[in-house]
Amino acid sequence: MRHQIAKLVKDGLYKEAIALFTHNHSSSIPPTNFTFPYILKACAELKASSHGRMLHAHLLKSGYTNKHTTTDLTNMYMKLGLVDSASKLFDEISDPSVSILNVVISGFSQSGLFEEGFRVFELFCVPNLRLDSVTVASVVSACRNVVIGMLVHCLGVKIGVERDDYAATSLMKMYLNCGELDSAAMLFGLIDNKNVVCFNAYLSGLAQNGVVETVLCSFIEMRKMLYLNPDVVTMISVLSACGNGNCVRFGRQVHGLIVKFELEGDTNVGTGLVDMYSKCGSWQCAYSVFREMGSSRNLITWNSMIAGMMLNDQSENATDLFVELDGEVGLEADSATWNSMISGFSQLGKADEAFLFFRKMLSCGEIPSVRCVTSLLAACSSLSAENYGKQIHTYVARMKITDDEFLATAIIDMYMKCGLPSWACNVFNQFHIKPNDPAFWNAMISGYGKHGMSESAFDIFSQMVEQKVKPNLVTLSCLLSVCSHSGQVDKGFEIFRLVTVGYGLNPTPKHMNILIGLLGRSGRLDEAFELLQATDGTSATVLASLLGASEQYSDSKLGEEMVRRLLELDPENPIPFVVLSNIYAGQEKWKDVEKIRKLMDKKGLKKIPGFSSIGVA
């Protein structure tokens, strides 16, 4: 009987194995100690907790309990998610072996109880036992930070399992999860006999860290190893990297390999292809794969295709797919589907359609995600659709999620952009304890600045400093822009020194450009030009700003220099010539005006006529 049950379990025929065991038991054919590990594994794989408990009772009744069966029982309970039952069994063992400790540590980690798993390791493993690669692999999965992970790595080196593929793969995954890519690469290089599992772990971790080029190079390395063929997991990771890196040519080659290895029938691979082609802008290819999948499509596939259509500005096709999904047997739109439609319309600036789907979603009883609501608020901001914005704010208040910092920031930004700074201030003041996220404060500072309320913007910054919230580079940009619009040069440099020196932030060329523009608009042209000379990466915008200042303050010398630099960036732009001509005209240098006009004629440049537009509400 043992051999029959063992073969069924090894072949994945778990129900048949349990049925055979039950039949033999009812026929009074006694099991052996070697039968139970297979049956317990079958119960774990089938998530058959009732059968597992019955087997446990049978073991107790028949007296078959020993260290081996206790380990198998503990493993079964852990895999069934019955952590309390597994813990009780473990607590009854006075002198646990390495095998059961590995089971318990791994089980705690898989259930998300990382601290408990590490505590077991500290109590039992470190002082007394001779550890193995399974212990290292189990305990490293319980490490929540790289410092502890490195200690476990040192342990692996000490006991000589650093090159073991099982332990090394687990250590490598830990480093990848912690963003330590160099350490992960070093470990990957140390593994002598790399298998598919090892490559999959490495490729998946690299893809999650956004290291697209390394993913593709590692996949090529894998393909050079003739004894290794990629599987479904491999293809999903590589397709994800291709999509995120916009590598459609490589993605097409991977698609060819998928067909070669006959993996195209797998739903997850098909969904990965749809996602990859959509992100690379080839929505027609994505749609073709989607149709070819036929009945193997699941809801995730549909959601990926709908999101892909929206990403590629194909909102009509996305709407058609949404309607078609409603007629699919066994499938219906979930919150992710609705969110894709609403976020898609919002990002395309179609607030009316987005709000229509938002209302439909609520009427269907689906709850929108925070991302969905914030995308709606962003659409309201860009279109100054305050009525929609107020309705969304009302919904957020009704759902009692106004204390969400991310949502509150989006609401503040929406009210500011819709011309309602007092409403934004009310949302800001609802927080008695203000968030430490600088984005929350930046929304207020930027909004006040755009409304010309510079003193209010500076007051918010003062509160920010008082509450010990560290500003970021966006804060500096917002404050410098406020100073620029209000012409407060000294205040601008004071804030610049405070943020860069006091908080240790390194300004970017963008910040330097704002300072240059600030000096130029204030008439301090020599200082502006001096700062321009010392700044790398000056933009056409700041050069145009200084050219405008040259016209305002009638400085032809600086104007000539700005025209020269602007023409290096855009030789076909007539505007610098027109502004310089105006400067000469203001100084009554008519010969120079004539030279400019002849030069424009020679280059075939013409002044762009002005035009006006009005919006009808």
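Leaving aside neighbours within four places in sequence, Thr169 is in contact with Asp164, Ile191, Val197, Cys198 and Ala201, where contact means heavy atoms within 4.5 Å. Thr169 sits in helix H11, residues 165–177; helices here are DSSP runs (H or I, at least four residues), numbered from the N terminus. With a relative accessible area of 8%, Thr169 is buried. On this scale, buried means under 20% relative accessible area, exposed over 50%, and partly exposed in between (1.4 Å probe, protein chains only).

All of this comes from a predicted model, in which local features need pLDDT of at least 70, side-chain atom pairs count only at pLDDT 80 or more, and totals for chains, interfaces and linings use all residues. Residues are numbered from 1 along each chain as its sequence is written, and side-chain values use heavy atoms, with hydrogens and water left out.

Lys400 isn't a glycine, yet has a positive phi of about 60 degrees. Lys400 turns up in the loop between helix H24 (386–398) and helix H25 (405–417), and counts as exposed at 71% relative accessibility. Ser554, also not a glycine, has a positive phi of about 55 degrees. The loop holding Ser554 runs between helix H33 (540–552) and helix H34 (556–569). Ser554 is partly exposed, at 34% relative accessible area.

Lys41 brings the picture back to helices, as part of helix H3 (residues 36–46). Its relative accessible area of 41% makes Lys41 partly exposed.

Technical notes. Helices (H or I, at least four residues) and strands (E, at least two) are DSSP runs, numbered from the N terminus.
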